[in-house]
Amino acid sequence: MGRTVLKPIFWTLLAANVALFAYGQGYLGHFSEAEREPARLKNQLNAGKLTPISAAKANAAAAAAAPQASAPAEDRPTACLEIGSFQLADARRFETRVAALEMGDRQSRRNVPGQEASSYMVHIPPQGSKEGADKKAAELRALGISNFFVMPEPPLRWGISLGVFKTEAAAQTQLAALNKQGVHSARIAPRFGGSKLLAYQFRDVSTETRSALEKIAAGFPEQEIRSCAK
């Protein structure tokens with residue numbers, strides 16, 4: 001057999017020996033063990049400390065942890081709680097009962113706006129600035145209109161009042177007359193007067209205090225407990 005024939009055989013045998021050596025040293029992995037879960041588990045850190053548990057035990061542990069996780073959320077104080085639209089007589093009784101909770105400056109009282117319009121105003125909406133309001137006023141004077149008032153206070157700051165009327169019909173008559181004079185940006189807005197109803201707000205209310213407030217409010221069945229309006 002010539003040298004030409006022996007060279008391929010030599011290199012083939014050498015490659016096979018290298019492959020067997022690499023496999024024996026674990027460089028190519030142990031395929032039979034890699035497919036078996038116990039062998040993979042042994043290769044993990046601290047494998048001896050791992051103890052398999054049943055699904056039932058895992059569910060029980062999760063259920064036991066849930067109340068502990070929710071407890072801190074339940075103990076968080078309510079930012080602001082509002083109760084009622086009390087008539088004056090009921091308001092006094094409610095205040096007497098709440099006094100025992102000693103809420104201090106965390107308690108306040110406010111008037112509830114009336115639900116029915118007490119009058120109607122014909123107005124031009126706010127112009128964004130005093131300069132804008134002055135410009136609009138000059139336009140009204142040029143149209144021969146002098147009976148108006150620039151409003152300097154919110155919520156209609158820098159708007160222009162063109163009259164306040166007791167009925168919506170009277171306001172509509174004024175609006176029609178202004179349209180004929182060339183004023184087309186005027187609008188009608190109802191005005192709500194203050195009522196004699198009172199609402200109470202309580203801030204930084206703990207779970208315990210909220211429970212006490214709810215018990216007191218239960219003595220006034222018509223009153224609603226709600227979060228304070230932002």
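Me: Why does E224 count as partly exposed?

Reply: E224 has a relative accessibility of 47%, and partly exposed is the class between buried (under 20% relative accessible area) and exposed (over 50%), with a 1.4 Å probe and protein chains only. E224 therefore belongs in the middle class. A word on the model: it is predicted, so local features need pLDDT of at least 70 and side-chain atom pairs count only at pLDDT 80 or more, while totals for chains, interfaces and linings use all residues. Residues are numbered from 1 along each chain as its sequence is written, and side-chain values use heavy atoms, with hydrogens and water left out.

Me: What makes R226 and E224 a salt bridge?

Reply: Their closest N and O atoms are 3.5 Å apart. The term asks for a side-chain nitrogen of Lys or Arg within 4 Å of a carboxyl oxygen of Asp or Glu, so R226 and E224 pass. Salt bridges with shared partners also join E82, R110, E224 and R226 into one network.

Me: How do you know that E82 and R110 pair, and which parts of the chain do they tie together?

Reply: An N to O distance of 2.7 Å puts the side chains of E82 and R110 in a salt bridge. E82 sits in strand 1 (residues 78-86) and R110 in strand 2 (residues 107-124), so the pair ties together parts that are 28 residues apart in sequence. (Strands are DSSP runs of E, at least two residues; helices are runs of H or I, at least four; both are numbered from the N terminus.) E82 is buried at 3% relative accessibility, whereas R110 is partly exposed at 32%.

Me: Why is the link between C80 and C228 called a disulfide?

Reply: The sulfur atoms of C80 and C228 are 1.9 Å apart, and a disulfide needs a pair of cysteine sulfur atoms within 2.5 Å. The pair therefore qualifies, and the structure holds one disulfide. It links C80 in strand 1 with C228 in the segment after strand 6 (225-227), 148 residues apart. With -65° about the S-S bond, the link of C80 and C228 is left-handed. C80, at 17%, is buried, and C228, at 14%, is buried.

Me: What makes up the largest nonpolar core?

Reply: This core has 15 residues, and those with the most contacts inside it are I83, F86, F94, Y200, F202 and L213. Members are buried Ala, Val, Leu, Ile, Met, Phe, Trp, Tyr and Cys residues joined through side-chain atoms within 4.5 Å. Strand 1, helix 5 (88-98), strand 5 (187-205) and helix 8 (207-217) each supply at least two residues, and strand 5 gives the largest share, four residues. F94 touches I83, F86, Y200, F202, I216 and F220, not counting residues up to four places away in sequence; contact here means heavy atoms within 4.5 Å.

Me: Which residues are included in the second core?

Reply: Among its 14 residues are I124, L140, F148 and I160, and this core is separate.
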